[in-house]
Amino acid sequence: MIVDRQGRRFRNLRVSLTAACNYACSYCVPNGKRLVAAQDELSGEALARGVAYLVEAAGIERLRITGGEPLLSPRLDAFLAAVARLGLAEISLTTNGQLLARKLPQLHGAGIRRLNVSLDSLDPEAFRRIARGGDLASVLAGMQQASAMGMRIKVNMVPMRGQNLDQVLPMLNYCLAQGYELRFIELMRMGHLARDANTFLQQFVGLDTLLDAIGAEHAFEQVDAPVDATALRYRIPGKGHFGVIANESVPFCRTCSRLRLSSTGWLHGCLSSSNRHYVGDLLEKPRHQALPALQRLLVKALADKQELAFSGGVTVMKVIGG
Ligand code: SAM
């Protein structure tokens, strides 16, 4: 097993199926232009082989499928069919929910029982201003259908001053009522926000501000979370839970166990590092040839992790998956 001096190892793999997205969220892309798929994206089979090899080489236990928007990818079916055979403890998917209703049978059939749906506002106008695409009603309907099929839903919201801060309580109350767990993600200095400190600072909402806003309406208490969890978790007695991914306020680099594989075959050991390691060619090789080379690259990818705290990264989230 590959372990670093801080005792960290890769347990959670995120695979981006495509860089393409049908949204152009303000925190993800600067100019409102939607990203299209990269020309050299790997096949679903090659990406699934990547998962299989990384399970062996790194001890991956859990897989999250992401993007871009994974439900847009023409590789989704082939990838799902291949990873369903790997016997992983958990496969989950992060989506903006726009195409969720129509893809649910495939997702359920592949054994996916956990979804993270990104939703930044229940106000249609603010929703479109932030997402710059999509339709709120489709997202809400998709979540309701998924929930009715027994899927566990977490909703990801990035609270931003001047954009959707007024939505913190409406979003929380909606999620509590529906049985979804809302997770607030502190705005991250990624992509254009890593270069534009003014916009970042103007919009950033930290943990304390968030908890104050929630405390105005709900009594809550912090509960335990797994040691490598990114989210702080809170219980509102009798009503449900919510979480906060407090990258800035309470950094979690010391216990980070995430590894990312991009749709074009690059391994990323850390969101905050511009280092990446090409494995696309290895995924075409038989296992006995690929694994030793992969292990050497994994040592480098693990060394890319920050010691303490996220310090920003120029990589755009939708290229490597959130
Ligand atoms: N398209 C899918 C979706 O919308 O969930 C998956 C990809 S998206 C990049 C994954 C997550 O990253 C989303 O929940 C999004 O809110 C989050 N994200 C992207 N850029 C971010 C930033 N600068 N700060 C905080 N969260 C960010």
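1. In this predicted model, a polar side-chain atom of Y27 lies 3.0 Å from an oxygen atom of the ligand. The protein covers 95% of the 550 Å² of accessible area that the ligand has on its own.

2. Two further side chains can be read alongside Y27. S118 places a polar side-chain atom 2.5 Å from an oxygen atom of the ligand, and in the side chain of N156 an N or O atom is 3.4 Å from a ligand oxygen atom.

3. The surroundings of the ligand comprise 17 residues, of which the closest are Y27, G68, E69, S118 and M188. Sorted by class, this shell holds nine polar residues, six nonpolar ones and two that are charged.

4. One backbone angle deserves a look. Most residues other than glycine have a negative phi, whereas R132 has a positive phi, near 50°. R132 sits in the loop that runs between α4 (124-131) and α5 (136-148). With a relative accessible area of 27%, R132 counts as partly exposed, because that class lies between the limits of 20% for buried and 50% for exposed.

Note on methods
Residues are numbered from 1 along each chain as its sequence is written. This is a predicted model: local features need pLDDT of at least 70, side-chain atom pairs count only at pLDDT 80 or more; totals for chains, interfaces and linings use all residues. Side-chain values use heavy atoms; hydrogens and water are left out. A residue is near a molecule or strand if one of its heavy atoms lies within 4 Å of it. A polar contact is a pair of N or O atoms within 3.5 Å; within protein, one must be able to donate a hydrogen and the other to accept it, and residues adjacent in sequence count only if both atoms are side-chain atoms. Accessible areas come from the Shrake-Rupley method with a 1.4 Å probe; for residues, only the protein chains shown count as cover. Ala, Val, Leu, Ile, Met, Phe, Trp, Tyr, Cys and Pro count as nonpolar, Asp, Glu, Lys and Arg as charged, and the others, Gly among them, as polar. Helices (H or I, at least four residues) and strands (E, at least two) are DSSP runs, numbered from the N terminus. Buried means under 20% relative accessible area, exposed over 50%, partly exposed in between (1.4 Å probe, protein chains only).
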